[in-house]
Amino acid sequence: MEGLSWRRACVLVLCIIPFLHPAAGIRFVIDREECFSHNVDYEGDTLHVSFVVIKADTPWHYSEDGVDLVVKDSTGAQVRDSRDKTSDKFDFIVQKRGVHRFCFTNKSPYHETIDFDVHVGHYSYFDQHAKDEHFAPLFEQIAKLDEALYNIQFEQHWLEAQTDRQAILNENMSRRAIHKALFESAALIAASVIQVYLLRRLFERKLGSSRV
């Protein structure tokens with residue numbers, strides 16, 4: 001009897017495995033405005049959202065110009081927004097199930113590369129399979145573990161995007177520092193050449209006037 005219960009538990013776990021999807025994000029280039037849609041099947045779910053402005057399309061652009069993100073539910077009502085930020089991470093409880101829209105607006109004159117991630121937190125209990133009271137706690141723990149794994153992947157993706165942004169900023173700042181040093185060196189050499197040229201002209205004039 002105990003062996004049968006374990007076999008049933010294994011079968012139930014295998015039935016749940018296909019529903020464990022890894023959190024996935026996208027990276028895109030925005031000019032002025034870009035919108036994305038994500039379907040939420042259940043009211044009361046938690047919607048996790050994050051974005052990071054990775055880089056601009058010019059290495060000389062270092063200002064902290066952020067982007068706007070507006071989230072609207074299936075009825076078109078605004079449920080959340082984020083203004084003038086280079087990165088943000090938030091979550092909220094879904095009140096209306098259906099397709100949610102996420103619209104980014106870029107106020108910078110440059111194209112921006114944005115890393116965007118969205119994840120829906122939902123507990124699936126599979127009540128039709130969990131009639132035995134011994135399996136109810138098992139499904140509850142599996143659902144909690146599933147959500148915890150989602151949250152870890154979501155957080156890891158956001159941190160990786162932040163790391164990419166900082167690496168690009170450091171590389172661009174190093175490149176700008178090198179270019180600035182080269183420009184200053186070239187300006188110093190040019191100033192030295194002009195100074196030598198003017199001194200030579202001055203001495204030549206004095207020499208010519210003394211001969212006269």
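Thr 113 lies in strand E8, where strands (E, at least two residues) and helices (H or I, at least four) are DSSP runs numbered from the N terminus. The model is a predicted one, in which local features need pLDDT of at least 70, side-chain atom pairs count only at pLDDT 80 or more, and totals for chains, interfaces and linings use all residues. Residues are numbered from 1 along each chain as its sequence is written, and side-chain values use heavy atoms, with hydrogens and water left out.

With a relative accessible area of 12%, Thr 113 is buried; the term means under 20% relative accessible area, while exposed means over 50% and partly exposed is in between, with a 1.4 Å probe and protein chains only. Leaving aside residues up to four places away in sequence, Thr 113 touches Arg 27, Phe 28 and Val 29, and also Val 52, Val 53, Ile 54 and Lys 55. Contact here means heavy atoms within 4.5 Å.

The chain as a whole has 2 helices and 8 strands. Read from the N terminus, the order of elements is α-β-β-β-β-β-β-β-β-α. Of its 212 residues, 30% count as buried. Among contacts with a separation of 6 or more, 80% come from residues 24 or more positions apart. The chain exposes about 14,000 Å², of which carbon and sulfur atoms supply 58%; accessible areas come from the Shrake-Rupley method with a 1.4 Å probe, and for residues only the protein chains shown count as cover.

In soluble globular proteins, nonpolar side chains tend to be buried together. A nonpolar core is a set of buried Ala, Val, Leu, Ile, Met, Phe, Trp, Tyr and Cys residues joined through side-chain atoms within 4.5 Å. The largest such core in this model has 18 residues, and those that touch the most other members are Leu 47, Val 49, Leu 69, Phe 102, Phe 104, Ile 114 and Phe 116. At least two core residues come from each of strand E1 (25-30), strand E3 (46-56), strand E4 (67-72), strand E6 (87-93), E7 and strand E8 (112-121). E3 gives the most, with 4 residues. E4 runs antiparallel to strand E5 (residues 78-85), joined by 5 bridges; two strands pair if DSSP finds at least two bridges between them. Lys 72 has Gln 78 in E5 as its bridge partner. The two strands form a hairpin with 5 residues between them, and in the turn Gly 76 has a positive phi of about 90 degrees. E4 also pairs with E7, in the antiparallel sense and over 6 bridges. In that pairing Leu 69 stands opposite Phe 104 of E7.

The structure holds 1 disulfide, a term for a pair of cysteine sulfur atoms within 2.5 Å. This one joins Cys 35 to Cys 103, with an S to S distance of 2.1 Å. Cys 35 lies in strand E2 (residues 33-40) and Cys 103 in strand E7 (residues 98-106), so the pair ties together parts that are 68 residues apart in sequence. The torsion about the S-S bond is about 115 degrees, which means that the disulfide is right-handed. Cys 35 counts as partly exposed, at 28% relative accessibility, whereas Cys 103 is buried, with a relative accessible area of 15%.
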